[in-house]
Amino acid sequence: MTDLLLKAFTKEVWDIIIPAIWETVYMTIVSTTITTFFGLLFGIVLLITDKHGLHPIPLFNKVFGSIINAVLSLPSMVVIILALPIAKLIVGITYGPKACIISLTVVCIPIFSRLVENSILEVSKGKIEAAKAMGASNIDIIFKVMLPEALPTLIRNFVVLTITLISITAIAGSFGAGGLGDIAVRYGYHRFRSDILIAAVLVLLVSVNLLQLFGALLARKILKKRHLI
Amino acid sequence: MLPPSFIELKDVYKKFYIYNKEFEVLKGINLEIQKGDIFGIVGFSGAGKSTLIRCINRLEIISSGTIRIGKYEINKLSKKELSLYRQKIGIIFQHFNLLDSRTVFGNVAFPLEVAKKSKKEIQERVSEILELVDIADKKDFYPGQLSGGQKQRAGIARALANNPDILLSDEATSALDPVSQLSVLDLLKDINKKLGLTIILITHSLDVIRHACNNMAVLENGIIVEKGSVKEIFVNPKSDTAKVFIKINTDLSISKYVEGDVI
């Protein structure tokens, strides 16, 4: 057992792991950026078009919500496969990190949209009403009330998103996306290289925990500044 | 001849639909309020007080009737006019509804930002108004650092920032301790005198009415059962609600008195 652990820290293993780390980091950063943009947009759209929202369009809200739910209810593996034609359309290929990023965002945008929606729902109705009573436009309310008030929760949910993305890159790894998940599956599972598996898992474990810690600290810092804790 | 009243509600009805069931909350409200008055509306919980006040700044749209303020008929305002109109009606709330993400300064600046004022104007106006409500020293504090009374002062500053003609108060002193309650009411009276602001005050406390208001109306199940000057109604209440209210009030003060006497 100790042998195995020691082997996980040899140069041979890390020569395989380090490029995979960069692939994962690249995929995670790009897909997080895209997902954050569309997730915020869709989350806000879901929220304000709701029957009780700022700009109710109930029929559109139902249809849009159903599409989001449909993607959410499918296993991520299936969504990744379904998203491959979209990837082909946008980046021209169906394999490799770039194609993977498209699939990842398709999986994660619905998740983050709902997280954003729920974060903003936590903002008390009274604050939104107060803004309305002062003559604020919907744009004012979104950017000056909803988003700043929900910021600490949004940050926490952003961390959840990033972690979800990292774990889904592992699944996408099976489709030739590369990255740590791919290494773990190809070497660790198919070739019984437990040392590489351990190294990959360790890197994932550490990075996920660091992210979680960083997110929690940041959210806490904002709450502290606002004297809410 | 009396001057034309400033705020005029005529046959105002408001219905809500909950699960397709109809609830009539306001059942034909007729009310006139003069400019510069401090007008109290009192009633038990569920009488429709909050709905009534929310109809005045169109947070609720009335089902029928008219609400006229000055020269505006508020249910005919376009979206743009509504925004401008709302800037001229301040409102303060029981739970303050300050933004936790902004300091006192930022909160008071909010309505000015909405009104697209320049940075310099905002700076000046906020300082001036914080001085008026006596919390200039709390300018850089977050609401989380303030006491209830201070929060309500910040709320009042925010409501006054755009020089409104009317200030609506939705149970604004109900969440405060008696001392802060009095000081906030005194502040409202002071502002009324200094700025000539018309104040409509909703409350379920007769103490508040007695302390601050000139005229009042008693609301019962969506109908105004009594209106007139505060003195008249206190001396000679006609409606059951007013009688009950005054009875509870005097009972409480008598029991306090008796207790004190015995001990």
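This is a predicted model: local features need pLDDT of at least 70, side-chain atom pairs count only at pLDDT 80 or more; totals for chains, interfaces and linings use all residues.
Residues are numbered from 1 along each chain as its sequence is written, while chains are lettered from A and ligands numbered from 1 in the order in which they are written.

Back to chain B. Strand β3 (residues 38-42) pairs with β9(B) in the parallel sense, over four bridges. (Strands pair if DSSP finds at least two bridges between them; strands are DSSP runs of E with at least two residues, helices are runs of H or I with at least four, and both are numbered from the N terminus.) β9(B) also has six bridges to strand β10 (residues 223-229) of chain B, and those two run antiparallel. Here Met216(B) sits opposite Gly228(B). β9(B) and β10(B) form a hairpin with two residues between them, and Asn221(B) in the turn has a positive phi of about 50°. How many of the six residues of β9(B) are buried? Five of them are, where buried means that 20 or more other C-beta atoms, placed from the backbone, lie within 10 Å of a residue's own, exposed means 12 or fewer, and partly exposed is in between.

Now hop over to chain A. Helix α4 (residues 76-91) packs against helix α5 (residues 96-121) at an angle of about 125°, with the axes 8 Å apart. (Axes are lines fitted to C-alpha atoms, for helices over the stretch in contact, and angles run from 0 to 180 degrees between N-to-C directions.) That makes α4(A) oblique to α5(A), since angles under 35 degrees count as roughly parallel, over 145 as roughly antiparallel, 65 to 115 as roughly perpendicular and the rest as oblique.

Next comes Val159(A), which lies in helix α7 (residues 138-177) of chain A. Why does Val159(A) count as partly exposed? Because it has 19 C-beta neighbours inside 10 Å. Leaving out residues up to four places away in sequence, Val159(A) touches Leu211(A), Gln212(A) and Gly215(A); contact means C-beta atoms, placed from the backbone, within 7 Å.

Last up is helix α9 (residues 194-225) of chain A. At 1.5 Å a residue, its 32 residues should span 46 Å, and the end C-alpha atoms are 46 Å apart, so the two agree; the expected span is 1.5 Å times one less than the number of residues. Among the buried residues of α9(A) are Ile196(A), Leu204(A) and Ala219(A). Just after α9(A), His227(A) takes a positive phi of about 55°.

Conventions. Two residues are in contact if their C-beta atoms, placed from the backbone, lie within 7 Å.
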